[in-house]
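I opened this model today to find my way around it. My notes follow, in the order I looked things up.

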Amino acid sequence: MALFKKMDNIEDDQNQVDVNGEVEHVKVLIVGSGPAGYTAAIYAARANLNPVMYEGMEPGGQLTTTTDVENYPGYPEGIQGPKMMEEFKQQAERFGTDVRFGMATAADLSQRPYTVTIDDKKKVQADALIIATGASAKYLGLESEEKFRGMGVSACATCDGFFYKGQDVAVVGGGDSAAEEALYLAGICKKVYMIHRRDELRASKIMQERVFRTDNIEVLWNSQTEEVLGDQDGVTGVRLKKRDGEEYEISVSGFFLAIGHKPNSDIFKGQLDMDDTGYINTEPGSTHTNVEGVFACGDVQDSIYRQAVTAAGSGCQAALDSERYLSRKEFEEAKAAEKEQAEK
Ligand SMILES: Cc1cc2nc3c(=O)[nH]c(=O)nc-3n(C[C@H](O)[C@H](O)[C@H](O)COP(=O)(O)OP(=O)(O)OC[C@H]3O[C@@H](n4cnc5c(N)ncnc54)[C@H](O)[C@@H]3O)c2cc1C
């Protein structure tokens, strides 16, 4: 008796649902719907792999939280983040990607097919799994910071620095990322304040030296942000508090957070190799993780570039890696079956 029957809603489908409707078997499962996930979906769908995608808590990913995206190639006039992601989705669906609402809440990668639990209920088994769950920037948690998000408050200098060309901005943080962001902004902006709550930076010596040698960066030591100030047009300044309690204000039009990111990889902890922060380790130049048939792409495996175009590029790699993996696997399984038959 066949354990699986075809799904009704997809023609010529290799994906199957079990007779009890509890476990669904799919060829390629994509978790996450940002630029990485959708690009993986476009390539996997066009390779006839019938990908199923779960969008997660933020359909469209991080770009749905921003306004203008000006650095994604192909949009000479720029494009609004949510619109761009809607176009990614349409393109993925055009080739047959089954895009579904739902969150991966658990994963079992101990045996193939790999099992992913959706919303603590449904179980999906996949021959190949593409993880594209992104990373979330950390914020200070201030009400005023939330209020001016996208109106001067940003967690990405590479993305938004250009909007503050020739203006004064602030960067919060003291590590290598904060130093990187401050140096990047110093090349665009008039003045960059680096707000740091301690009396020395955590950044590497070489990065510190580069910061100290840059004329238009001023480090505000022992200072903590109390409030992001602004009006209807956006950020106008920051109110800071020194360790000794003294409060003071600076005038800036941009407020950049550089206090770290959290990769959305918790459900794979203990099963996939990761760095200390939780970024999934992939083999250099590929999207292969330490588990055969499980691929990671986009920000969840990239602590360095974290851009839409790099995420999309690695999404393409993940789909191609999956396709090659599945076709090799099919070939090996067919050969093994042939051998077994011949030995009978
Ligand atoms: C405010 C802002 C502005 C930005 N501006 C630019 C810009 O102008 N240009 C640029 O190139 N980059 C920009 N970026 C960076 C860019 O958005 C990211 O590099 C890019 O979105 C990463 O893509 P991704 O697909 O890896 O992940 P994300 O876009 O983070 O998408 C992750 C996806 O995974 C899903 N997910 C997470 N956990 C689960 C789970 N357990 N189950 C199911 N789904 C899950 C989420 O719902 C989401 O759909 C900006 C980022 C921010 C925050």
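I began with contacts, and I counted those in the protein with a separation of 6 or more: residues 24 or more positions apart account for 59% of them. Two residues are in contact if their C-beta atoms, placed from the backbone, lie within 7 Å. This is a predicted model, so local features need pLDDT of at least 70 and side-chain atom pairs count only at pLDDT 80 or more, while totals for chains, interfaces and linings use all residues. Residues are numbered from 1 along each chain as its sequence is written.

**Overall layout**

I looked up the secondary structure and found seven helices and 21 strands. These are DSSP runs numbered from the N terminus, with helices (H or I) of at least four residues and strands (E) of at least two. The C-alpha trace spans about 85 × 40 × 35 Å along its principal axes. The protein is divided into domain 1 (4–136 + 261–343) and domain 2 (139–257). Those bounds come from an automatic or database domain assignment. I noted 35 Å between the C-alpha centres of domain 1 and domain 2.

How many of the 344 residues count as buried? The share is 41%. I call a residue buried if 20 or more other C-beta atoms lie within 10 Å of its own, exposed if 12 or fewer, and partly exposed in between, with C-beta atoms placed from the backbone.

**Around the ligand**

Next I checked the ligand. There are 40 residues around it, and G34, G56, G61, G134 and G298 come nearest. A residue is near a molecule or strand if its C-beta atom, placed from the backbone, lies within 6 Å of it. The shell divides into 20 nonpolar, 16 polar and four charged residues. Here Ala, Val, Leu, Ile, Met, Phe, Trp, Tyr, Cys and Pro count as nonpolar, Asp, Glu, Lys and Arg as charged, and the others, Gly among them, as polar. Domain 1 and domain 2 each give at least three residues to the shell. Helix 1 (35–46) and helix 7 (308–343) each supply at least two.

**Helix 2**

I then followed helix 2 (residues 81–94). It has 14 residues and reaches 20 Å from its first C-alpha to its last, close to the 20 Å expected at 1.5 Å a residue. The expected span is 1.5 Å times one less than the number of residues. Which residues of helix 2 are buried? They are G81, M84, M85, F88, K89 and A92. They cover an arc of only 140° around the axis, so they sit on the same side of helix 2. The arc is that of the directions from the helix axis to the C-beta atoms. On the other side, Q90 and R94 are exposed. The buried residues pack against helix 1, strand 5 (68–69), strand 6 (79–80) and strand 7 (98–100). G96 follows helix 2, and its phi is positive, near 105°.

Last, I went through the loops. R112 and P113 are joined by a cis peptide bond, with omega about 0°. P113 is in the loop between strand 8 (104–108) and strand 9 (114–118).

N222 is not a glycine, yet its phi is positive, near 50°. I found N222 in the loop between strand 15 (217–220) and strand 16 (223–231). Is N222 buried or partly exposed? N222 is partly exposed, because 14 other C-beta atoms lie within 10 Å.

R306 also is a residue other than glycine with a positive phi, near 45°. R306 is in the loop between strand 21 (294–296) and helix 7. R306 has 20 other C-beta atoms within 10 Å, so I noted R306 as buried.
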